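Subject: Structure handover

Hello,

Here is the structure for your files. Please open it alongside this note. My findings follow below.

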Amino acid sequence: MKIHEYQAKSILKDFGVPVPDGIAIKSMDEFDNAINKLKKRKITQFVVKAQIHAGGRGKGTVYYKNNRNEIVVEGGVKFFGSDVDKAKEYASKVLGNVLVTHQSGSEGKEVQTLYIGEGLDYKDELYLGILLDRSNSKNVIMASTEGGVEIEKVAAETPEKIIKVWIEPSIGIQSYQARELAFGLNLKGDTFKDFVKFITALYNAYEKSDASLVEINPFVITNDDKVLALDAKINLDDNALFKNEEYAALRDLNEEDPLEIEASKSDLNYIKLDGNVGCMVNGAGLAMATMDLIKLAGGEPANFLDVGGTASAETVENGFKIILSDKNVQAILINIFGGIVRCDRVAQGVVQAAKHINIPVPVVVRLQGTNSEEAKKILDDSGLNLISATTLEDAADKVTKAIS
């Protein structure tokens with residue numbers, strides 16, 4: 001689950017990670033009050049930051065909500081020093097309009113929250129990230145002197161500037177590892193000592209919050225040699241939210257695709273893509289392979305949809321509804337391997353869906369495994385206009401040809 005920067009900073013602060021002060025607002029009526037509160041905390045410089053679930057906000061472009069072709073202002077993050085009037089003017093232009101970044105897609109995201117933060121003077125910016133390295137089942141801390149730059153760009157152009165330290169899960173981060181990172185970042189003196197405390201607290205926050213990703217880009221060295229998380233991105237593990245119920249309340253449904261939200265209500269794993277071939281598959285691995293074969297056959301997957309290992313007729317029907325809600329879908333491929341889930345159960349779901357909803361696009365069906373013969377009979381006797389397939393390649397080829 002993704003959360004906003006201001007929410008991530010609140011979590012980090014709870015674990016003793018130094019972050020700049022700030023207040024989130026959802027309407028311009030709250031702006032003056034936020035500024036006054038910050039001034040009472042001895043803050044004299046201000047930054048206004050749009051809060052959306054996408055990176056590259058500072059380099060993004062704000063467009064009018066009702067006119068995606070007309071630019072309101074360049075940049076979703078701006079520093080204003082002590083000029084509150086300019087900060088307020090900028091905030092009024094951004095709040096309620098659409099911010100487009102290289103990560104948001106061309107449609108962008110509506111800015112419904114602004115973070116009025118403490119503006120800082122600093123002398124250096126660096127990068128830190130913590131996530132699970134699945135190749136060796138350990139958390140990895142990545143650090144770089146190239147703060148403020150997308151880590152993917154650093155990895156592609158100057159990979160030698162990325163320092164990696166793997167943490168043994170049974171013992172956690174050790175002091176020598178914190179020092180190794182500090183040495184790798186060329187830190188010295190008080191900054192070195194402050195960083196060791198900083199990274200230890202940050203790793204503790206990562207573990208205790210059950211995060212799947214913590215990224216601080218940049219963290220900065222202030223003019224008085226303190227280490228501070230200037231920006232913060234946290235993704236929380238959905239499967240661990242039952243342990244931290246207060247974090248579940250941080251979910252912002254406005255930032256999520258409506259179809260993905262609807263799918264989660266039916267316990268379907270759904271991710272919307274940009275193609276025209278709807279996919280209904282059981283098992284994440286088979287779903288990925290199915291999408292690969294669709295692309296190899298010349299098609300473009302419109303979604304990732306895993307109905308799971310215990311799919312019922314109702315689940316399959318709900319899957320159809322969600323897939324068909326995407327207006328780009330021109331054909332559907334159902335690819336089920338009957339291991340845990342029985343093929344006849346899926347076939348019953350297909351027939352039930354056809355009775356209850358209109359399916360205006362071609363449907364290619366491949367059912368193999370448990371009760372596949374029974375499933376074939378159910379579909380044959382249904383009178384539905386279905387295209388049967390035997391192999392994965394055959395299914396992908398038929399569904400792409402059904403579109404053309």
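Let me start with the cysteines. C279 has a relative accessibility of 1%, so this residue counts as buried. Keep in mind that the model is predicted.

How far is the sulfur of C279 from the closest cysteine sulfur? The gap is 17 Å, and the partner in question is C343. That is too far for a bond. A disulfide would need the two sulfur atoms within 2.5 Å. Seen from C343, the closest cysteine sulfur is the one in C279, again at 17 Å and too far for a bond. C343 is buried as well, because its relative accessible area is 0%. The disulfide count for the structure is zero.

Now to a sheet. Four strands make up an open sheet, and the order is β1-β8-β2-β5. Pairing in this sheet is antiparallel. Which strands sit at the edges? They are β1 (22–25) and β5 (77–81), and each pairs on one side only. On average, neighbouring strands are turned by 20° against each other, direction ignored.

Look next at β2 and β8. Five bridges join β2 (residues 46–50) to β8 (residues 114–118), in the antiparallel sense. Within this pair, V48 of β2 faces I116 of β8.

A helix also packs on the sheet: α2, residues 31–40. Which strands does α2 touch? The contacts are with β1, β2 and β8. The direction of α2 makes about 170° with that of β1.

Best wishes

How values were computed. Residues are numbered from 1 along each chain as its sequence is written. This is a predicted model: local features need pLDDT of at least 70, side-chain atom pairs count only at pLDDT 80 or more; totals for chains, interfaces and linings use all residues. Side-chain values use heavy atoms; hydrogens and water are left out. Two strands pair if DSSP finds at least two bridges between them. Helices (H or I, at least four residues) and strands (E, at least two) are DSSP runs, numbered from the N terminus. Axes are lines fitted to C-alpha atoms, for helices over the stretch in contact, and angles run from 0 to 180 degrees between N-to-C directions. Contact means heavy atoms within 4.5 Å. Buried means under 20% relative accessible area, exposed over 50%, partly exposed in between (1.4 Å probe, protein chains only).
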